[in-house]
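Please open the model in your viewer and keep the sequence panel beside it. The stops below say what to select next and what is to be found there.

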Amino acid sequence: MAASAPASDPRFGPDRRVTLGQPLKLDGGASLDGVEIAYETYGTLNADGSNAIMLCHATTGDQYVASRHPITGKPGWWARTVGPGKPIDTDRYLVICANVLGSCMGTTGPASLAPDGAPYGLRFPVITIRDMVRAHIALLDHLGIERLHAVIGGSMGGMQALSLAAHWPERVARVMVIAATAAMPAQNIAFQEVGRQAIMADPDWQGGAYYNTGRAPDAGLAVARMAAHITYLSEESMHAKFGRRLQDRAAKTFGFDADFEVESYLRHQGATFTGRFDANAYLYITKAMSYFDLAEDHGGRLADMFAGSKARFCLVSFDSDWLYPTPESRKIAHALNAAGAPVSFVELSAPFGHDSFLLDVPELDRVIAGFVG
Amino acid sequence: MNGTTLASLRPDLALIAGHVRPGARVLDIGCGDGALLAALERERGCDARGLEIDPANVADCVARGLSVIQGDADTDLGYYPDTSFDYAILSQTLQTTRRPDLAMKELLRIAAHAFVSFPNFAHWRVRASLAFGGRMPVTKLLPERWYDTPNIHHLTIDDFRALAKEQGWRIEGQWFLNKGRQTHPANANLWAEHAVFLLRSS
């Protein structure tokens with residue numbers, strides 16, 4: 001059924017939407033009707049439908065991989081990697097990226113309207129990484145793609161890629177997991193809980209029912225973003241970028257103004273984030289990550305998860321990433337090895353911490369291009 | 001993209017590749033830039049995997065479409081299940097491991113057969129250099145000086161045979177190289193620069 005799509009096929013192109021005809025059954029037992037998925041595609045699906053690559057975005061990412069972000073006006077989050085002649089070459093591959101379930105850039109999430117016409121808020125069911133992937137699979141069905149040439153994701157995107165490979169092994173031929181984990185470590189759950197508590201402690205959060213009140217928990221969401229942002233950097237990159245330099249002033253003010261450049265930077269990061277992200281979506285998505293433990297139903301035996309897989313795998317970690325450090329990726333590589341799956345693993349050297357997967361790391365480009373083929 | 005042919009391989013690797021059964025499952029430990037893996041996949045139809053310590057080499061391998069895991073032969077072989085390969089290959093690496101005997105045991109646990117290649121420290125040139133020069137030998141095959149060599153466990157062909165006997169490993173094949181060419185096995189311990197052994201655990 002994977003027929004070649006004519007150039008005019010409305011299912012393909014930038015800024016697409018689809019409303020699922022079937023309810024989406026969720027891990028938590030609930031079921032969502034009329035789920036809308038916002039996505040983009042780049043490139044062209046070939047005649048036998050075999051050249052599709054799905055990219056999975058990170059926690060606060062979105063479908064705008066290689067096109068200008070509609071709110072911030074910035075280039076797409078992986079514009080340096082995805083495009084004609086780039087490591088993920090859109091002259092050769094059809095690239096798909098969907099906003100994840102529970103997010104706020106067009107795919108159904110807590111800010112969406114429930115069937116009763118009011119925003120879900122906390123009535124939105126708690127979701128998992130696998131639920132996000134369920135929505136991706138529904139999108140692939142809509143696009144008529146039976147088997148992906150590859151699924152690729154960094155951070156939370158890597159968790160989705162793993163989940164897809166483990167639960168829908170027949171749907172993918174290559175799986176690339178960058179700076180991720182197969183089970184959220186306690187330290188990461190802890191950081192995420194700080195973020196969630198910051199949002200929920202903001203009186204403007206109003207139990208999640210802040211939509212249409214003229215108030216939103218921007219202060220809480222900004223603090224959540226600031227805390228998270230620290231975890232995406234490395235001590236080295238922070239030191240290089242800011243050191244102890246003061247922000248637009250010659251001397252300390254002996255007050256609680258943002259004296260240091262790093263303070264000013266974080267405040268800016270927090271403030272701009274609230275302009276493009278929904279606080280409840282942040283709660284739901286980080287909770288899905290905290291819940292993530294791929295082998296939970298198999299007594300933690302990760303190798304069992306990939307027993308039926310015929311896909312090739314590639315794991316990449318970065319030496320300066322302390323949020324998803326190398327042992328997390330190595331564990332997955334060893335499990336895949338034990339399962340007999342063809343797997344590559346490499347720890348690349350890059351100074352930018354967890355964010356390295358989004359930044360200029362030429363070795364990563366080489367690995368991606370080689371693995372994608 | 002995998003431009004490697006058997007003929008363009010390092011002599012010991014070409015010899016090993018020529019004796020691997022077509023279609024076999026192979027693990028190359030210390031696979032470097034993946035030249036042997038690529039040749040095995042391409043010319044022998046093998047399911048070839050690698051373990052390599054240097055990340056730049058691993059990146060090269062992945063860029064060539066090979067399946068290679070970054071890891072250390074001294075610590076990471078334990079993660080491979082028993083008999084998960086037909087052949088395990090350790091070329092020019094045995095003398096760099098912390099415990100060559102344990103590394104060999106791991107090879108023969110992971111795979112039914114093991115290929116091992118190593119420079120022979122009893123080659124006459126090495127002997128002469130030590131006997132008459134009184135200094136640790138620096139030769140073409142062993143170019144590093146004593147303080148910067150990765151070769152921490154120098155061995156001779158007879159040393160290796162003795163270890164195999166002691167451990168009960170069966171030697172199924174042995175080949176000797178001189179200046180990159182196969183040489184006669186007689187007095188190999190004196191005349192061969194380089195040895196390749198094929199073993200199986202009895």
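**The two domains of chain A**

Begin by selecting domain 1 of chain A and domain 2 of chain A, whose centres, taken over C-alpha atoms, are separated by 25 Å. For the selection, domain 1 covers 16-184 + 294-372 and domain 2 covers 188-286, bounds that come from an automatic or database domain assignment. Residues are numbered from 1 along each chain as its sequence is written, and chains are lettered from A and ligands numbered from 1 in the order in which they are written. This is a predicted model, in which local features need pLDDT of at least 70 and side-chain atom pairs count only at pLDDT 80 or more, while totals for chains, interfaces and linings use all residues.

Where the domains meet, 26 residues from domain 1 of chain A and 21 residues from domain 2 of chain A take part in the contact (two residues are in contact if their C-beta atoms, placed from the backbone, lie within 7 Å). The side belonging to domain 1 of chain A has 15 nonpolar, ten polar and one charged residues, where Ala, Val, Leu, Ile, Met, Phe, Trp, Tyr, Cys and Pro count as nonpolar, Asp, Glu, Lys and Arg as charged, and the others, Gly among them, as polar.

**Two helix pairs**

Next, select residues 186-200 and 279-291 of chain A, which are helices α3 and α7, packed at an angle of about 160° with their axes 10 Å apart. Helices (H or I, at least four residues) and strands (E, at least two) are DSSP runs, numbered from the N terminus, and axes are lines fitted to C-alpha atoms, for helices over the stretch in contact, with angles running from 0 to 180 degrees between N-to-C directions. Among the residues making this contact are Ile189(A) and Ile199(A) of α3(A), and Leu283(A) and Met289(A) of α7(A).

Then move to helix α4 (residues 218-232) and helix α6 (residues 261-274) of chain A, whose axes lie 8 Å apart at an angle of about 125°. Their contact includes Leu221(A) and Met226(A) from α4(A), together with Leu266(A) and Phe273(A) from α6(A). By class, the residues of this contact are seven nonpolar, four polar and two charged.

**Where chain A touches chain B**

Finally, show both chains: 22 residues of chain A are in contact with 16 residues of chain B. On the chain A side, β11 (312-318), α9 (326-338), β12 (343-348) and α10 (362-372) each supply at least two residues, and that side divides into eleven nonpolar, seven polar and four charged residues.
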